[in-house]
Every structure is written in structure tokens, then in C-alpha cells.
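Read the sequence and the model side by side.

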Amino acid sequence: MILKRPALPRRAGRTLSARDKYGPAVISVSTVLIVVFVIRSVIVSSSQWPRIKNQFFNLDVIIEVFPKVLHGFGINMAVWGVALVVIAIWALILAVFRSLTGPWFAPLKVFSIVYIDLLRGLPSLLLVLLFGFGMPALQIPGLPKSSLFWGSLAMISSYSAYAAEVYRSGIESVHTGQHLAAKALGLSQFQTLFYCILPQAIRNVFPSLLNLAVALQKDVALLSVLGVRDAVREAQIYTARTFNYSPLIAAAALFLVATIPLARLTDYITKKDRERRLQGAP
Amino acid sequence: MYKIDIEHLTKYYGDNLVLDDVNLKVADHEVVCLIGSSGSGKSTLLRCVNDLVPFNDGNIKLDGISIHNSEFDVKDLYKRIGIVFQAYNLFPHMTVIDNITLAPKKVHSRTKAESEAHGKELLSLFGLNGFSESYPEQLSGGQQQRVALVRAMANKPDILLLDEVTAALDPELIGDVLSVIKDLRKQGMTMLIVTHEMGFARDVADRVCFLDGGKILEEAPPEDLFSKPKNPRTRQFLQRIIESGRL
């Protein structure tokens, strides 16, 4: 007797009822909505709410300052974008210096270690103040005097130290067999790094690097202490004049609009990366 | 003159003596198998030959010239000796053809077209037609190991070092790799092979060396070494192999 293949894939046990299918989703959505509603009504019904609303969520104020804050936010994003590119390259160079072996490369290696130790050990704010106010004050001819430039450089220097360590962990995570194979084929130390080790290392640490990018996206607001008219500074200027904090909320909303999608993208790429590794495992 | 001449090779890992005054001569077109239990120094000996690991004392000569002699071009060493590892060590981010042509292009400055043509020729010779654009993880273990062999061959070496090339493979896939090695023997490749496949060693080797504790205890043609071993330690080792049904 020839057994016919069933037309539908066999289901384990009984078929799912509508309740089984949609129940969990309905329950999670409704409980979240109820909790939000309860919290909202508690807040709104409190006697302080009108004052809070006026101070923080004043729509008229927000509409009034929004163009300026948005323009400032453009500066934040421009600094972020440029810094990302420079950090990605500079940190890779630092990590490569640090991973070099051989007596001739000792100066580069020592430079990289000292650089990373120093800049990772200092608060970014301190560096921003030091570079942003200190360097223009020197009045050295030929060097830029813009605090935007020096502040950005401070952020780049600081974040490069972190990113270099992330790259380094990636370089060290590549199996020694890869070094052996490359050496046995006759590749030089640099060829081994560029063709064999770095492509694998960067792929391994890409999610961690994206995480740093998210952190940097908010930290560029530190430049506001230098008087750079970024989103935070613009909001602060208005706040100082009127004692209404709604512009800061507007700036906060802009930062969230930028960082949340990037954070989600990071999650997604991390997940894909984990799947890829599990698939590759023997 | 010998193809490979290993003289008084001594190597320590820390305080651990792993190679103790090893002497081994391999003639042109000769196939020598190294057998012995784990930790006997077989793989280390192999890696010393192409200078992958430094050694403490002794000398290694290729065609009569020491590899540490100033006359000896280091690039030449890697061109003349190919090595294949137990874990294949293919570059996972490169396609098969890129794995194979990397060294010919970057180390030996051959053109892309030339090295790819040679690579594809080798691939079809090793039964890997049509896999040139695949990534290593898409291949079976046996296929990956054959790609690793092709990669070692792409430099056009005249000596091959094989380090337990079948140890990580499914029993079903071992045959493919071993038959490829037998073909290479027919073509006159000089080979130094570390293996746990005694049957294969008996088939392919001109000479078998038994290593124990960093020394070559016995060295003989396979028919002699496997049927009438002289050293008691060799006898004990082979006895165990026979008991476990692997000979």
C-alpha cells in the first residue's frame, strides 16, 4: 500500500482555536493600556498637574521654540555624523597599533596603550571643557578657534579610545588558527590583518560599535557647555529667559526620535549576528 | 641532498620539552608519516618545519640550505611548503576561490586571472567543481578540507605538511580526502603527514616514524613497522590501536 503524503503539515494535538491564537496578544495589549490609563489619570487628577503641564509640556512654548531647537538639533546630528566616520577610522588605527607585534612597532603600541588609558580614564565633559575652552584660548596661529571644532575633537578623542577597545576585543576574538593559516600562506603581518583578521573582527564587533554610536548620539549634547548652539543650548537659552522648561522637553523628544530607531536597528543587527554565529557553529 | 633535513631539533613550550633532539631526513618525492599518541610532539615537529613556531635548538634544511640562513628567502619558504591543518582554518568571510587565490595574488604577485584559472583547475582536480563561489560554511567538512588542500597547493609548493587532516571529519568523508592525498603522492609530492589513520599510513607512506615524548623512537617502512615493531613502546602503541579496531 502506498502511503499518501498528507496535504497539510500535521499539527501536534488539536487545532488552535481563535482564543489560543489571539488571547495572548489581547491580554498583553489590554493590560498595558489599562496600566497606562490608570497612571495617566492619577497624574492628571493630581492638584499639581496644571502647573507641571504648563512648565514642561506647554504646547505654545514648544511651537514657538521648535524651529530653533530643530536647527540646533541639526548641529548635533552633523557633529555626530562627522564624529562617527572619524572615530570609526581613528579607533581602528589605534586598535591595529595595539595589536602589532615585533620590536619595531613598540612605539606605536605604547602610544596606543597610553592614549587609550588616558582618554578612557577621563570624563568626556572634562575633555570637552579642556579642548573647547583651552585650545582656542591659546590663540595659536594656524589652528582653528572654533569651540565647535575643538569640542567635537574632544568627543572624537574620547570615544575613539572606547571604540579602539571594542575593535581590539574583536581582533582578539578571531581564532589563532586564522593567524597560523595566513602565516603559513606567506602573508605578512599587515596582509594577515587586513585580509584575514580585520574583516572577521569588524563583523564580530559591529553590534557593539553601533551601541557606542547610540551613546555618542546623545553625548554630542555635551558641546552645549561650550556655547555651541545645539538643541540643548537653544532650549536652555529660552528656559533661562522664561523659566519654562518645555523647550528642553522638545529637545528631549528630538533626541528620542533619533536614538530609538538606531537602538532598534542595533537590536536587529545583534539578533541577526547571533543567528549567523549559531548557524555557523558546527 | 635531502628535500627536508631536520637536525637535532629541540623545542620547549615553557619548561616543557616537546621535541627532544629530533633528527629526520625526507628525500625528494618521499612520503613520511608521523604517528604517535597525543602530545608526542608530532604536530609541533610539523609546524617547526615551515617555521610557524620557533624552535630552541637544531636546524632545518630545505635542499641543503638552512631556513634560518640569510641566503634563504623567507617568502620562498611559504611558497615551497604548503600546510593543511586539522581544523581546515579556511577564512570564513571569503569565498572558496578567494581563499585559494589570496596568497598567489598578494604574496606571489600573480595576476587575478592567472591565479583564478589555476585555482579552478585545482578545484576540479580535487572534485570541487562548481564550489568556487561558495563560502566555507556552506560546504561539508570533507569539502572544506579539500579546499584547504587546494589552498595549500595554489602556491605551487613542492612539499606538503598535513596535520591530522582527517581527525575532524565524519568517517564517511575521510575517504574523499585520503584518496586526494594518494593522488598527490602519485604526482610525486614530497609529504610529511601526521595521522591517526594507521591504514592510510600503511598505504601511502614510504616510511613511518613513531614519536613518543618528543623523540622518534622507531623509523621504518610501514610493512616493517606495523608487522614487526622493534621498540616495546611502539609495540604497545600499535597493540592499543589494534585493540580499538583501528588497524
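**A helix pair, an interface and a chain**

In H5 of chain B, the residues B:Gly141, B:Gly142, B:Gln145, B:Arg146 and B:Leu149 meet B:Leu173, B:Asp176, B:Val177 and B:Val180 of H6(B). Two residues are in contact here if their C-beta atoms, placed from the backbone, lie within 7 Å. By class, this contact has four nonpolar, three polar and two charged residues. Ala, Val, Leu, Ile, Met, Phe, Trp, Tyr, Cys and Pro count as nonpolar; Asp, Glu, Lys and Arg count as charged; the others, Gly among them, count as polar.

This is a predicted model: local features need pLDDT of at least 70, side-chain atom pairs count only at pLDDT 80 or more, and totals for chains, interfaces and linings use all residues. Residues are numbered from 1 along each chain as its sequence is written, while chains are lettered from A and ligands numbered from 1 in the order in which they are written.

H5(B) spans residues 141-153 and H6(B) spans residues 171-186. Helices are DSSP runs (H or I, at least four residues), strands likewise (E, at least two), numbered from the N terminus. The two helices pack at an angle of about 20°, with their axes 8 Å apart. That makes H5(B) roughly parallel to H6(B), a term for angles under 35 degrees. Axes are lines fitted to C-alpha atoms, for helices over the stretch in contact, and angles run from 0 to 180 degrees between N-to-C directions. The crossing is right-handed: the near helix is turned clockwise from the far one by less than a right angle.

Now turn to the two chains. 18 residues of chain B are in contact with 16 residues of chain A. On the chain B side, H2 (74-80) and H3 (96-106) each supply at least two residues. That side divides into 10 nonpolar, four polar and four charged residues.

H3(B) is mostly covered, with eight of its 11 residues buried. Buried means that 20 or more other C-beta atoms, placed from the backbone, lie within 10 Å of the residue's own. Among the buried residues are B:Ile97, B:Ile100 and B:Leu102. Their cover includes H8 (189-219) of chain A, together with H4 (112-125) and H5 of chain B.

Chain A has 10 helices and zero strands. Its radius of gyration is 27 Å, well over the 19 Å that the globule rule gives for 282 residues, so chain A is more spread out than a compact globule. The radius is taken over C-alpha atoms, and the rule is 2.2 Å times the number of residues to the power 0.38. Of the 282 residues of chain A, 28% count as buried.

Key: Angles under 35 degrees count as roughly parallel, over 145 as roughly antiparallel, 65 to 115 as roughly perpendicular and the rest as oblique. A residue is buried if 20 or more other C-beta atoms lie within 10 Å of its own, exposed if 12 or fewer, and partly exposed in between; C-beta atoms are placed from the backbone.
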